Amino acid sequence: MDPKVFHKISYGLYVIGSTREGAFNGQIANTVFQISADPATVAVSINRNNLTNEFIKASKVFSVSILPTTVALDFIGHFGFKSGRDIDKYQKVSFKPGVTGAPVLLEQTVGYLEAEVIDSIEVETHTLFIGKVIDAEVLSTEEPMTYAYYHQVKRGSAPPTAPTYIKEEKNVENKPEGTKEDPKMKKYQCTVCGYVYDPAQGDPDSGIAPGTAFEDIPEDWVCPVCGVGKDQFEPAE
C-alpha cells in the first residue's frame, strides 16, 4: 500500500480550541468536515493523547478557527508543535471566549465556528468529535489554507500525532552521472519537525532572502515551524 495517496485527499488547516475549568487550549488539525446543513453539524479528529482531546471531552464544546494561506509558520508551529501541558498557547494570541466558552482566534484566521459535542467515536488513535454548530462568523476575505498548500508552498510537515502523519523517507534524486550540485543551494531538514529549508526560497517570514545558503543564515535563526536552532538541521539528501 502506498500511504502517500492520503496526501491526495483534500484537507484544510485549522486551530481547534476548547476549554476546561476556565483554562483554554488549542491545537492544529487538518481533519475537519461538515456532516449536515440543517441543523449544521461538523466533525473533527483529535489524537487521544492530545490535551485538546481531554478539554473537549470535559467541556463538550470546541471551536474551529480556519487558517489563511498567509498564516506565519511560527504560528502553526506554536499551536502544532508545542504542548499546552508546557505553555499557555493563548497567552500572547488575540482571541476571545465564544458563546460556548471555547476560544476563537481573532488573528491569523478567515473565520471560526463553535460547536457543542453531540456524539463521539473512538477510532484507533483518534477521537472523532461530532458537534452541532452553535455560532459562526467570517472575519476575513483571505484564501483559506489547504493541507496541500501547507506542504507544497509553506514546506510544512505534520506532527506524529496527526491523523495524516506519514513517516517521511529521505528522497535520493537520480541525477545524471557527473552532475554537480551547487553546495550553496543544498537543502537542510529539521530533525524535529521535518521542515525543509530551501535556499532557493529562503525564509522571508524570518527575514531570510531567497538565495541565502543555509551556512549563511544567522546563528540565532530558528526553525520557523518548531523553533529549534540550526544545530538541529541536517542535509536533506
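Start by selecting E10 and E11, two antiparallel strands joined by two bridges. This is a predicted model, and the pairing described here is read from its coordinates. Within the pair, Gln189 has Val196 in E11 as its bridge partner.

The three strands form an open sheet in the order E11-E10-E12, with antiparallel pairing. Strand E11 (196-197) and strand E12 (233-235) are the edge strands, since each pairs on one side only.

Which residues is Phe233 in contact with, leaving aside its neighbours within four places in sequence? They are Tyr188, Gln189, Cys190, Tyr195, Tyr197, Phe214, Trp221 and Cys223.

Phe233 also belongs to the largest nonpolar core, which has 31 residues. Select Leu67, Ile76, Tyr195, Cys223 and Phe233 together: these touch the most other members of that core. Next, colour helix H2 (73-80), helix H3 (147-152) and strand E10 (188-190), each of which supplies at least two residues of the core. H2 gives the largest share, four residues. As background, nonpolar side chains in soluble globular proteins tend to be buried together.

There is also a second, separate core, with 14 residues. Select Tyr14, Val32, Ile46 and Val117 to see some of its members.

Move on to helix H1, residues 51-59. Which residues of H1 are buried? Select Leu51, Thr52, Asn53, Phe55 and Ile56. These buried residues pack against six strands that you can show one after another: E1 (14-20), E2 (23-29), E4 (40-47), E5 (61-66), E8 (111-123) and E9 (126-138). Just after H1, stop at Lys60, which takes a positive phi of about 65°.

Two of those strands, E4 and E9, pair in the antiparallel sense over seven bridges. Pick Val42 and look across to its bridge partner in E9, Gly131.

Finish with E8 beside E9. These strands run antiparallel and are joined by 12 bridges. Glu116 stands opposite Lys132 in E9. Follow the chain to the hairpin of E8 and E9, where two residues lie between the strands. In this hairpin, Glu124 takes a positive phi near 50°.

Terms used: Residues numbered from 1 in each chain as written. Predicted model: local features only at pLDDT ≥ 70, side-chain atom pairs only at ≥ 80, totals over all residues. Heavy atoms only, no water. Core = buried A, V, L, I, M, F, W, Y, C linked by side-chain atoms within 4.5 Å. Buried < 20%, exposed > 50% of the residue type's maximum accessible area, 1.4 Å probe, protein only. Contact = heavy atoms within 4.5 Å. Pairing = 2+ DSSP bridges.
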